Amino acid sequence: STQKHKSAQNWTSHPNCKGPLFRSLPAMMKTTSFLGLLVATFEASSAFHAALPTHSTSFTTIHRGFKHLHASSSSIFRHNAVLPMSSSNTDTSYNASPSSPMDAVLDFFRPKKNDNNQQSSLTSSSKTRKTVAMDIVTKLVVEEECYTTENGAIAFGNSCAENVVYEDRFEKEPFVGKAAVTNHMQNKVKSRNGKGDLRMDRISDGNKACGFAWTYTCDDEEGLRGTTYVELDEDGLIAFVREIPEPLYKPGDITAKLLEAVTKNAKPRDPVQYTPQTPTTATEIVQYLFNTVQGSSIDESMRFFDKDIIYRDFNYEDALLGPDEVRNFIEEFSFPGITFKIQRCDDGVKSCCFTWEVILDGVEETTKGISLYEINMDTQLIEYVRDIPESALKPPPLGRIARAVNPGLGVFNGVPIGSREGGK
């Protein structure tokens, strides 16, 4: 049975999926005491309702109007905010074994040959580049099964630096130090109660850092999705981790109305002046869009989306499909008062994972998140995006209850395994 499900998961196939681009805003709970009370009331009642065997249509309709307003805003502003860029990545000397059984999988993430001169140049350089972070993380997650086995959890801890910081944004505080992180990984294993696996759906091909998208699986179903960013130090040890699971309730279009109210008094900033460029790797594109263009031109941003873009923002139930939907989405949320700041970024070629925070004018707290971008190696345009914002409440009440009652899936109701190919 185990072998059957591992085969069904088949994370190595990695079709050309795509995803999202936009964030969430917990700080908005603080805009009014009434709103905060309303959110808290529906949070509690919906948690109880979600555990019931039957569902009330009227309750669900009302619930969708209010629940998790605090987990709904920032992502939309990736292309119309001020986007400073920083990274603290360092190189390493670790080399993956060439005889590793994961070689065929890892080859997928390395650019393929193409007759186009620009493509050929990119492919040639990528053949010789290292992917240390990707190799280490793949080994720990896929081979060692660090999220679901005791030995794997210990192996993860042994791969960490003494001063490692693990930001599990499901929890109230980060875990600092090798011992604390090892204990946290062991607790993750115990929390699954021996049920299910964690499937790696996609991973960025970074050398100094990387990120991966994952899904809980159990028997013939799959459930909770999330993204994890991992950064190495100069010795090739894990120095920093940020992990965020998807919110179980996705507020959708109410995000725009809330943000418009919160930022109504914000003054527009002057557009950033930039020199147009055409970067070709995933990391270069990310840095250009969010560090150079900084949302000053929607047209310039849209130039980098593939015609088959799938854009997954976990504030929404459904992904955006195609450039028209992405453009409409960005335009709908184009108002001032938001600063999008990249905090850490990997160095992938085909794909790039980075962490960020969103700052609202006049609001003290920020919203943290993770994004994963993949490009089509033929067009060198973005074909998949996954954005996940943190929840304002930690642990999120619904998420905590779902993990307790259904530890194998981490959600109240799973979907057929393989029905969300690539974790989309």
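Trainee: How many residues join β3 to β4 in the hairpin?
Mentor: Strands here are DSSP runs (E, at least two residues), numbered from the N terminus. β3 covers residues 197-203, and β4 covers residues 209-218. The hairpin between β3 and β4 runs through five residues.

Mentor: A word on the source. This is a predicted model: local features need pLDDT of at least 70, side-chain atom pairs count only at pLDDT 80 or more, and totals for chains, interfaces and linings use all residues. Residues are numbered from 1 along each chain as its sequence is written, and side-chain values use heavy atoms, with hydrogens and water left out.

Trainee: Which residue of β4 stands opposite Asp-197?
Mentor: Strands pair if DSSP finds at least two bridges between them. β3 and β4 pair in the antiparallel sense, over six bridges. Opposite Asp-197 stands Thr-217.

Trainee: In the hairpin of β4 and β5, which residue in the turn has a positive phi?
Mentor: β4 also pairs with β5 (residues 221-232), antiparallel over nine bridges. Ala-209 stands opposite Glu-231 there. Two residues lie between β4 and β5, and the one with a positive phi, about 55 degrees, is Asp-219.

Trainee: How many of the 10 residues of β4 are buried?
Mentor: Buried means under 20% relative accessible area (1.4 Å probe, protein chains only). In a regular strand the side chains alternate between the two faces of the sheet. Both faces of β4 are covered, with Ala-209 among the buried residues on one side and Cys-210 among those on the other. The count for β4 is 10 of 10.

Conventions. Buried < 20%, exposed > 50% of the residue type's maximum accessible area, 1.4 Å probe, protein only. Helix = DSSP H or I, 4+ residues; strand = E, 2+ residues; numbered from the N terminus.
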